[in-house]
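Dear colleague,

Please find below the structure that I am handing over to you.

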Amino acid sequence: MKSNKGVFITFEGPEASGKSSQILLLSKYLKKNKIPFIISREPGGTILAEKLRKLILDQKSKISNLEELLLLMAARSNHINEVIIPNLNKGKIVISDRYADSSFVYQGFVNKFGIERSQKLHKELLNNFYPNFTFIFKISSNEIIKRIRKRKNKNKYDKTDLYFHRKVIKGYKKIANSKRYIFIDATLSMEKIHKNIINKLNI
Ligand code: TYD
């Protein structure tokens, strides 16, 4: 379960921080410059994992925090084996909208499973497979609420609860303790954020 050809990049951050729009801009840039890449997301990225996504994010699913984490990890395992590793082996840039860091923050920290405990599971069960770069989008909880109010299709984490979003922000600060993490000011203009990302990746 090792790859040293492509580059694995993940986008992380609280709800409504603009990750998806930036991934779209990055994909346009890569296409224009003929750099091979694929875009994926979590939970999801494979047929099985997209089915699990529906169950995980369904407001009506009655699942415990542990069950949620195990489902996320099952989806992640499938995503790693079927999509991430094979594409890295082809030399592609693999971009994922969320990955293991989301579990450390949402299940580990916010839902109190434990950051270290969830990292240990990642090590034990998923071979400690980490991205080369992780962009963490920085935004205030007030701005998140403003943006969520404008959203039509809300998932179960799209709450208008200031305390919840503050915890998510705090969680990202807590886990970002290595060189692969790059904080991005998500309040800048779309174009400026895009330029910052390209500069950091040096592509
Ligand atoms: P999504 O609609 O993709 O939200 P966003 O646009 O904010 O990325 O839904 C993904 C949701 O799943 C998001 O609220 C965070 C949550 N999540 C976890 O709680 N743990 C995880 O490991 C992952 C990958 C996502």
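A polar contact is here a pair of N or O atoms within 3.5 Å. The model is a predicted one, and the contacts described below were computed from it.

In the model, a polar side-chain atom of Arg98 lies 2.8 Å from an oxygen atom of the ligand. Of the 540 Å² of accessible area that the ligand has on its own, the protein covers 91%. The ligand sits in the largest pocket.

Its surroundings. There are 16 residues around the ligand, and those that come nearest are Glu15, Lys19, Arg98, Ser103 and Gln107. By class, this shell holds 7 charged, 5 nonpolar and 4 polar residues. Helices H2 (47-57), H3 (65-89) and H4 (100-110) supply at least two shell residues each, and H4 gives the most, with 4 residues.

The backbone. Most peptide bonds are trans, and most residues other than glycine have a negative phi. The bond from Glu42 to Pro43, however, is cis, with omega near -10 degrees; Pro43 lies in the loop between strand E2 (37-41) and H2. Lys112, in the loop between H4 and helix H5 (115-125), has a positive phi near 70 degrees. At 64% relative accessibility, Lys112 counts as exposed. Asn127 also has a positive phi, of about 60 degrees, and is found in the loop between H5 and strand E4 (133-138). With a relative accessible area of 48%, Asn127 is partly exposed.

Yours sincerely

How values were computed:
Residues are numbered from 1 along each chain as its sequence is written. This is a predicted model: local features need pLDDT of at least 70, side-chain atom pairs count only at pLDDT 80 or more; totals for chains, interfaces and linings use all residues. Side-chain values use heavy atoms; hydrogens and water are left out. A residue is near a molecule or strand if one of its heavy atoms lies within 4 Å of it. A polar contact is a pair of N or O atoms within 3.5 Å; within protein, one must be able to donate a hydrogen and the other to accept it, and residues adjacent in sequence count only if both atoms are side-chain atoms. Accessible areas come from the Shrake-Rupley method with a 1.4 Å probe; for residues, only the protein chains shown count as cover. On a 1 Å grid over the protein atoms alone, a cavity is a set of points where a 1.4 Å probe fits but cannot get out, and a pocket is an open set with protein on both sides within 12 Å along at least five of seven lines; lining residues have an atom within 4 Å of a point. A molecule sits in a cavity or pocket if more than half of its atoms lie within 2 Å of its grid points. Ala, Val, Leu, Ile, Met, Phe, Trp, Tyr, Cys and Pro count as nonpolar, Asp, Glu, Lys and Arg as charged, and the others, Gly among them, as polar. Buried means under 20% relative accessible area, exposed over 50%, partly exposed in between (1.4 Å probe, protein chains only).
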